[in-house]
Amino acid sequence: GIDSAMVAVLSLDRQALQEACRRASHLGVVSIANYNCPGQLVIAGQREAVEQAAAFARELGARRTMPLKTSGPFHTKLLEPASRALHAYFQTIPFGSMRFPVLFNYLGDVMGAEDTIPALLEKQVMSSVYMEDSIRRMGQMGVDTFVEIGPGKVLSGFVRKTLDQAKTYSVTTPEELEAAATELKGAATC
């Protein structure tokens, strides 16, 4: 397999990190894989290029870089074979039309009239995740409450750092889900 790495980069803007990746690209594939929230980006790709881009990021003012424990170079063009495999698999599955707006992190927005769900999912596996853009777009759409379901509170943290007025709930257990639902029902009747 490919010797890959992912590194979180704190307190550096997108343009500066793109420059760091460009400078290191002669060593291999490296790109911004995740635009999580203001001040938190993740780069991924081939290990040597990622490590060099992280060093350049520190030179350009990143407060900190942290290697992440992952099993692959997710959301980079190195996952193109997985994207092709998804394409083949999706040929066997019927997809209906969306009944309500769905945001795709690959776009940082709702799907367009020309987009298809399979094509967006195929691209998402090998493309950057625009989580911050998706959160901002939901805020523009009037979303003011977010419920994160699953272990941890990472996504809730991204929401709070992006839309500081938003209400967040982190739900891990059935009891937490029931408590959040009760609170949300109470808020809806006010």
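The following dialogue examines how the terms applied to this predicted model follow from their definitions.

Trainee: Why is the pair of Y35 and Y130 called stacked?

Mentor: The ring centres of Y35 and Y130 are 4.5 Å apart and the planes stand at 10°, so the pair is stacked. Y35 belongs to strand β2 (residues 30-37) and Y130 to the loop between α4 (117-124) and α5 (131-140), so the pair ties together parts that are 95 residues apart in sequence. Helices (H or I, at least four residues) and strands (E, at least two) are DSSP runs, numbered from the N terminus.

Trainee: Why is the pair of F90 and F95 called edge-to-face?

Mentor: The ring centres of F90 and F95 lie 5.4 Å apart and the planes stand at 90°, so the pair is edge-to-face. F90 is buried at 11% relative accessible area, whereas F95 is partly exposed at 35%. Ring pairs also link Y89, F90 and F95 into a cluster.

Trainee: How do you know that R23 lies over the face of F56?

Mentor: A charge sits over a ring if NZ of Lys or CZ of Arg is within 6 Å of the ring centre and within 35 degrees of the ring normal. R23 lies over the face of F56, at 5.6 Å from the ring centre. K167 likewise lies over the face of Y169, at 5.1 Å from the ring centre.

Trainee: Which residues form a salt bridge with E19?

Mentor: A salt bridge is a side-chain nitrogen of Lys or Arg within 4 Å of a carboxyl oxygen of Asp or Glu. The closest N and O atoms of R22 and E19 are 2.7 Å apart, and the two residues form a salt bridge. For E19 and R23, which also form a salt bridge, the closest N and O atoms are 3.2 Å apart. R22 and E19 both lie in helix α1, three residues apart, about one turn of the helix; E19 and R23, also both in α1, are four residues apart, about one turn. With a relative accessibility of 52%, R22 is exposed; E19, at 26%, is partly exposed, and R23 is partly exposed at 31%.

Trainee: What makes R136 and E132 a salt bridge?

Mentor: The closest N and O atoms of R136 and E132 are 2.9 Å apart. Both residues lie in helix α5, four residues apart, about one turn of the helix. R136 is partly exposed at 34%, whereas E132 is buried at 11%. Salt bridges that share partners join R14, E132, D133 and R136 into one network. The structure holds 10 salt bridges.

Trainee: Where do S11 and H75 lie, and what is the phi of each?

Mentor: Most residues other than glycine have a negative phi. S11 is not a glycine, yet has a positive phi of about 60°; S11 lies in the loop between β1 (4-10) and α1 (14-24) and is partly exposed at 38%. H75, again not a glycine, has a positive phi of about 60°. H75 lies in the loop between β4 (64-68) and α3 (80-90) and is buried at 19%.

Trainee: Which residues of β7 make up its covered face and its uncovered one?

Mentor: The covered face of β7 holds F146 and E148, and the uncovered one T145, V147 and I149. I149, in strand β7 (residues 145-149), is exposed at 67%.

Terms used
Residues numbered from 1 in each chain as written. Predicted model: local features only at pLDDT ≥ 70, side-chain atom pairs only at ≥ 80, totals over all residues. Heavy atoms only, no water. Phe/Tyr/Trp six-rings, centres within 6.5 Å; stacked < 30°, edge-to-face > 60°. Buried < 20%, exposed > 50% of the residue type's maximum accessible area, 1.4 Å probe, protein only.
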